[in-house]
Amino acid sequence: LGSTYNLSRADALPSLELSLVTSSTMGSGKKLGSVIIPLDTIDQSASPSKPTDQAMEYSIQGSLNQELVATITAVMWWNEPLPNESEGNAGGGGAMSAAEEIIPEDEAHADEMPNELSVSILRAKDLAVMDSSLVGKGSSDPRVTVKVGSATRKTECIQKNLNPVWNEKFIFQEADLESAIVI
């Protein structure tokens with residue numbers, strides 16, 4: 001009890017979930033669909049100096065029928081490369097799994113900045129019409145929810161738009177990742 005396990009290695013990370021939610025006039029949101037992205041698949045060489053060079057399009061599948069709901073363009077990068085399993089066990093002898101490796105309460109690294117995962121939600125396109133209109137083709141009031149471990153961030157809701165542009169950046173620190181697995 002009370003131990004925190006090392007989730008700073010690439011082979012021991014949780015997944016990131018991008019969810020597309022539309023707001024209704026009643027104030028509640030409806031989840032249109034989501035995509036799960038394993039954090040160990042994020043390009044470790046991505047540079048925050050030109051993050052849009054690494055923009056990826058993610059297809060959002062419907063929650064019920066798995067049809068394509070929209071495409072979200074996002075950029076993700078770490079401020080430091082993550083060690084993988086072989087680098088994490090440089091001392092050799094009896095490799096521990098990520099769940100077994102306990103982080104000691106060590107003050108030697110207290111002044112180091114924690115690694116951060118940056119996620120920029122740029123835009124979505126071709127959203128499903130959720131608000132029908134008697135005149136015109138209809139619209140939607142979308143936002144994106146980004147969940148990593150126990151941390152959740154939300155973009156602003158953009159009213160009446162099927163091709164919204166957010167350009168919002170969220171930063172998740174290792175503490176956000178680790179809090180999901182504190183025993």
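Let me start with strand β3, residues 56-62, which pairs with β4 in the antiparallel sense over 6 bridges; strands are DSSP E runs of at least two residues, numbered from the N terminus, and two strands pair if DSSP finds at least two bridges between them. The model is predicted, so local features need pLDDT of at least 70 and side-chain atom pairs count only at pLDDT 80 or more, whereas totals for chains, interfaces and linings use all residues. Residues are numbered from 1 along each chain as its sequence is written, and side-chain values use heavy atoms, without hydrogens and water.

Why is β4 largely enclosed by the rest of the structure? Because 10 of its 11 residues, 68-78, are buried, that is, under 20% relative accessible area with a 1.4 Å probe, protein chains only.

I turn now to Asp141, in the loop between β5 and β6 (142-148). Asp141 is buried yet has no salt bridge, with the nearest side chain of opposite charge, Lys160, 5.1 Å away; a salt bridge requires a side-chain nitrogen of Lys or Arg within 4 Å of a carboxyl oxygen of Asp or Glu. However, the backbone nitrogen of Lys160 lies 2.6 Å from a polar atom of the Asp141 side chain.

Finally, Thr155 lies in the loop between β7 (151-154) and β8 (165-173) and is buried at a relative accessible area of 4%. A polar atom of its side chain is 2.8 Å from the backbone nitrogen of Val144.

Conventions:
Buried < 20%, exposed > 50% of the residue type's maximum accessible area, 1.4 Å probe, protein only. Helix = DSSP H or I, 4+ residues; strand = E, 2+ residues; numbered from the N terminus. Lys, Arg positive; Asp, Glu negative; His and termini not counted. Polar contact = N/O pair within 3.5 Å; in protein donor to acceptor, adjacent residues only side chain to side chain.
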